[in-house]
Amino acid sequence: MAPGIRFKDPWGEQRLFFGRLLAAIIIVLLLVGILVARLVHLQVINHVHFADLSQDNRIRIEPVPPTRGLIYDRNGIVLAENLPAYRLEMIPEQVEDMPATLQALAQLNLIDADEIDRTLALARRQRRFEPVTLNFRMDDEQVATFAVRRQHFPGVDIRARLRRHYPFAGATAHTIGYVGGLSAQDLERLDRANYAGTAQVGKVGVERAYEDLLHGRVGYRQVVVNARGRALQYLEVSDDAAPSANGVAPGNPRRAGRAPVPGQDIVLGLDIRLQLAAQEAMQGWRGAVVAIDPNSGDILAMISTPAFDPNRFSEGLSRRDYQALLNDPDNPLFDRALRGTYPPGSTIKPQMALAFLHHNIVRPGDRRFCPGHFRLPGSSHRFRDWRPQGHGNVDLIEAMAQSCDVYFYANGNELGIDRMHEFMTAIGLGQVTGVDILGERPGLVPSREWKRGAFRRREDQAWFPGETVIAAIGQGYMNSTALQLAHSTAILAARGARMQPRLVVASTDPLNGALLEIERTKISRLELRDEHHWDVIRDSMVAVTRGQRGTARNSMQGTSYVVAGKTGTAQVFTIGQDEVYDEDVIDERLRDHALFVAFAPADAPEISIAVIVENGSSGARVAAPIARRIMDRYFEDREL
Amino acid sequence: MIFEQTQAFETRRPLSLPGQLMRTLHLDPPLLLALVTLCAIGLFVLYSALGQNSDLVIGQGMRIGVAFAAMLILAQVPPSTLRSWAPWLFLAGLGLLMAVLFFGATGKGAQRWLDLRFIRFQPSEIMKLAVPMLAAWYLHDRALPPAFHHVVLILLAVFAPAALIAVQPDLGTAVLVVCAGMLVLLLAGLRLRYMLAAVVLTIAAAPVMWHFMLDYQRRRVLTFLNPENDPLGAGYNIIQSKIAIGSGGVFGKGWLNGTQAHLEFLPERATDFIFAVIGEEFGLLGLLALLALYLIIVGRGLYIAANAQDTFSRLLAGSISLTFFIYVIVNAGMVSGLLPVVGVPLPLVSFGGTSMVTLMGGFGILMSIHTRRKLLPT
């Protein structure tokens, strides 16, 4: 059998093939014979037996959806609950003329006339004996209207179901998110079996990220059905089929039915009072506020304005209304706290000054002269200070208090982009914070490497010294989210402890109600060359609010607590070398963004906060007072 | 002499217009007719099994359209071209499977698919054709029956992709890929003693395999052996499908009247268990007619294999036809309680389009082989 010595023998091979083919045909016929014998056995010999069994088959298994878990704030106030709501439902097979019925209902103002086409399409897609919801939330008047005309609408009836309700509506819209109708995409990522019978699923925010905990496990019950499949009677679920502690029923769900396991209630670190104060303070502005407890990373408040009413989503938003929200120029659906990236401007000066100290570019007492502008050696380009006449000779504390740009231009230039990028990254900027809801944007701390990858043209890929200079005051390529700024400020407040921000702090065991705390994640510690530098930066930030010439002095006047803060005003629109920025003549949308970051009390921080106001013009005049109102609310009942 | 014969052939069969079209498109009318009939019956039954949901039936119709397009395209490729593609197609398929394995880990398995709107396509489907093609290509100019080391090489080429598919995990497809490759070997005249050795080895390995089987796999085997011992658990599917088939009797309950299917007692009624719906609504006669149609298709395929003129075409045509039969017998066997439940759909009838494109592509290859025979002097 050595290879290569046998030759092809076409006729022999064909004979061999025919032989095998014949064997195959015989086997095929044999197998078909066995199958047919089996079918005759089932359908002829045992037909009567199976026909009886089929007649007795009257018990169907039906899923019972679990009750969704509630969401509480840190003080036990309910932020998302389930309310009974009356729905108008139609069973297609019992309705004679669906279009006419729907028209009549629309005339009585019980359903939206624009939704008729969609409802009809939906009814065609479903099984004819399963209900189609016509109106997710009927008010009392509608219920009464229908009740007296019920006999005219066979196949249409009112049913009580649970509806998700967010009592604080817009104040929690982006953070808690909302539930909406289960879509085909949702089913791709979810366990279909567990969602049998569930109509709505978390779409964004906490509702989405904690879907697994909130949803619970589906139950089953046995239903006696008639020959047409209509339910006649529900059999009781026996208690011994109750689920075990891990939520999985012993044995098979079909055995006796199984009670659903309700979803877990979850507790947020959020304080709804602060959330409301933030929403109130931001009234009329586009922007975001994030407040974090620097000691734990718990998010105390997080809002994005303008917001929308999440209840409209859980009630079933019509396509027209959804389009209107999408087309709103203020983009209320956009979560600015998590996804809005803005140039941080001067609010990163504390971090930048810390980098100068850490890398020994300056010592705290070193002075620099500020003539109102800065030039790179050998260049005529003037980097302007916000104060054209300059700040004179300033040390670190004064530079911070007055937000002197030249001080940061000059030292930033000496620090260089590589060390700047390394330090800013270490202090929480330019990357996602890892908050426990989805969709966070990373922002950007530029570096040589980033620039090489970001630009197509070769000449654009080189890093220029001037870009380092403007990065030192948080302009240029640098951008960050409100959440990142609050997080980075919290790292300053906690003297280097990097706590991962999080919304959810605990959940409850649905069976015994025990509170299960979710473990905190600490992302290591930022170690400085000299621990004393933390104090210098804190003092410089206190000088912003308390110093003679502090930029936030006016807005922080008279606080009972000491605030360490930093104002920021970030350019949206570049003005020419010799032009003057005049806020009155610039289009509202091109005005500077107003920012403010702070932590308080300065010596034992409990809250760190970042406020971003789109086109707010001035960090000191617009953003700082907003932060003040929220902090006032936080400290109002305390002796400090 | 050859010339005269050819001419005689031409004049003996003047072609009608449809006949001419068939010939230009390289289609085989008997096979095409059988396939179209089968698909039409399938849609008819699906309408009932899907609870008279016409949207879903239309969707399935579109998938069938795509599958027929695949058949039409492959019918245009001459077998010699196909043969030269075989190793490359195999390598490409292997590469895609590796990619799936690699990305599947990060994408929670969601990237097992390529989404083509109506049809979701798995790279493992390519292997259902690429593996037998590779085996037939390899044996094409080697002496048959294949020598031992050739057999070993082919087994490697069959089991490597099968293993990749099995870990996806998609055991059903892996088994079909192995079948398609092994059939080529068997048809090529694999020596009896190798076959016997394989059988002995398998029997010897059975206790060892039992030892390594996972819990649910063992339960499947036990349920198969005695479904009644777990009537509401794992044996539920089999019991309900037996009731469906048995209660259908000789003539069936009539279209749209199957209570087992419509009252949702029968699980997977539109996909793996549609054979039971046919049994319930159309009875024994309906099932016999369906089986007859399947036999016509398989028979035509084997006829094409027998008339093929080179080793590659012969082996490939035989393997494609018999693999199709394996689909049918495994599905019918599992639904009627003769085989364990393994999740193989009833070809061209079950709802869903993943395997349909490959199946119809295979029939395209059969047609290409058959319509490109040269007339040889005898």
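How many bridges pair S21(A) with strand S22 (residues 593–600) of chain A, and in which sense? S21(A) and S22(A) pair over 7 bridges, in the antiparallel sense. The model is predicted: local features need pLDDT of at least 70, side-chain atom pairs count only at pLDDT 80 or more, and totals for chains, interfaces and linings use all residues. Residues are numbered from 1 along each chain as its sequence is written, while chains are lettered from A and ligands numbered from 1 in the order in which they are written.

Strands and helices are DSSP runs numbered from the N terminus (strands, E, at least two residues; helices, H or I, at least four). Two strands pair if DSSP finds at least two bridges between them. In chain A, 5 strands form an open sheet with antiparallel pairing, in the order S12-S11-S23-S22-S21. Strand S12 (299–305) and strand S21 (564–570) of chain A stand at the edges; each has a single partner strand, so one side of each is left without a neighbour in the sheet. Neighbouring strands are turned by 5° against each other on average, direction ignored. Axes here are lines fitted to C-alpha atoms, for helices over the stretch in contact, and angles run from 0 to 180 degrees between N-to-C directions.

Within the sheet, Gly565(A) has Ala598(A) of S22(A) as its bridge partner. S22(A) is joined to S23(A) by 7 bridges, and the two run antiparallel. They form a hairpin with 6 residues between them. Phe596(A) is bridged to Val611(A) in S23(A). S11(A) and S23(A) pair over 6 bridges, also in the antiparallel sense. There, Ile292(A) has Ser608(A) of S23(A) as its bridge partner.

A residue is buried if 20 or more other C-beta atoms, placed from the backbone, lie within 10 Å of its own. In S23(A), 7 of the 7 residues are buried, so the strand is largely enclosed by the rest of the structure. Ile607(A), Ile609(A), Val611(A) and Val613(A) point one way from S23(A), and Ser608(A), Ala610(A) and Ile612(A) the other way. Helix H21 (residues 482–493) of chain A lies across strand S11 (287–292), S22 and strand S23 (607–613), running at about 150° to S23(A).

Gly443(A) is found in the loop between helix H17 (417–426) and helix H18 (448–454) of chain A. Gly443(A) counts as buried because it has 23 C-beta neighbours inside 10 Å. Contact requires C-beta atoms, placed from the backbone, within 7 Å. Beyond its neighbours within four places in sequence, Gly443(A) is in contact with residues including Thr341(A), Leu429(A) and Gln484(A).

Definitions and conventions:
Contact = placed C-beta atoms within 7 Å. Buried ≥ 20, exposed ≤ 12 C-beta atoms within 10 Å, placed from the backbone.
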